[in-house]
Amino acid sequence: MPLPQRPIPIVGGNWKMNTTRATGSDLARAVRASAEAAPGVEVVVFPPFPYLMSVGEILKGGPVALGAQDVSERADGAFTGEVSCAMLRDCGASWVLAGHSERRHVIGESDALVNAKTRAALAAGISVILCVGEKLEQREAGQTNVVNETQIRAGLAGVEPNALSCLVIAYEPVWAIGTGRTASPADAQAAHAHIRKVLASIYSPDHASAIRIQYGGSVTSSNAAELFAQPDVNGGLIGGASLKPVDFGQIIASAKR
Ligand code: PGA
């Protein structure tokens, strides 16, 4: 019997509040070249809002998709500083991050808000990377799976199975983000396998095996291959190393099967 096909790996570059218009454009050109050299890996970059249009111009017609780091759950109106799904689409963005730990734990977004953003984006035809992950004290208290399960169930409340082809989960242990500490491949695999079990219980085993689960948290060009080789790891969400064109290119290449 043929082995079931693994979903296409997906690598995201979350630029956070970094780059200028000029350095972002250079980075976008380099990412495009790296992605063109690695067919079979889906690549998406998340520049800061003001550079969506300029980066989008550089990516146009190529294999790299454009994403935004955040979105409002509201459609329009008097919400100073907010950016709507329609505006993102108008700027050419087809992906958005929801529930990134910096928005959960630094800005203070709740599970309910993450869910509202996820549903708004999916309803608008924007694909979502829903980020989940435990803090250090939660890991040390043995709560990793409970925290991930709670964030997944809350984040996906009301999300219908027909929207799942536009959904990716990113498992990003908070203690590993930007710290240089990475989950071991075995720890990442264990968390991913549990997340897939939760997805199977919410939807079905078939849906669960088709949903990509990225690992994120201090992924570098030296540890990416081993992490991506785990059976339930379908690529990565990269912060710091996504700002380094050569490293990010190597990370994309190492996601290739
Ligand atoms: P990092 O960030 O790669 O710098 O740890 C990952 C992320 O925040 O998505």
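Which residues line the largest pocket?

**Figure 1. Lining of the largest pocket in the predicted model.** The largest pocket is lined by Asn14, Lys16, Met17, Pro48, Phe49, Pro50, Gln69, Asp70, Leu97, His100, Glu102 and Arg103. By class, five of these lining residues are nonpolar, three are polar and four are charged. The space within this pocket amounts to about 330 Å³.

**Figure 2. The second largest pocket and the residues closest to its centre.** Ten polar residues, seven nonpolar residues and four charged residues make up the lining of the second largest pocket.

**Figure 3. The largest cavity and its lining residues.** One cavity of 30 Å³ or more is present in the structure. The volume of the largest cavity is about 40 Å³. Its lining is formed by Gly99, His100, Ser101, Arg104, Cys131, Val132, Gly133, Gln151, Glu172 and Val174. Five of the lining residues are classed as polar, three as nonpolar and two as charged.

**Figure 4. Secondary-structure elements at the largest cavity.** Both α4 (101-107) and β5 (127-132) contribute at least two residues each to the lining of the largest cavity. Among the lining residues of this cavity are Ser101, Arg104, Cys131 and Val132. His100 is listed in the lining of the largest cavity and also in that of the largest pocket.

Key:
Residues are numbered from 1 along each chain as its sequence is written. This is a predicted model: local features need pLDDT of at least 70, side-chain atom pairs count only at pLDDT 80 or more; totals for chains, interfaces and linings use all residues. Side-chain values use heavy atoms; hydrogens and water are left out. On a 1 Å grid over the protein atoms alone, a cavity is a set of points where a 1.4 Å probe fits but cannot get out, and a pocket is an open set with protein on both sides within 12 Å along at least five of seven lines; lining residues have an atom within 4 Å of a point. Grid points are joined across faces, edges and corners, and a volume is the space filled by probe spheres set on the points. Ala, Val, Leu, Ile, Met, Phe, Trp, Tyr, Cys and Pro count as nonpolar, Asp, Glu, Lys and Arg as charged, and the others, Gly among them, as polar. Helices (H or I, at least four residues) and strands (E, at least two) are DSSP runs, numbered from the N terminus.
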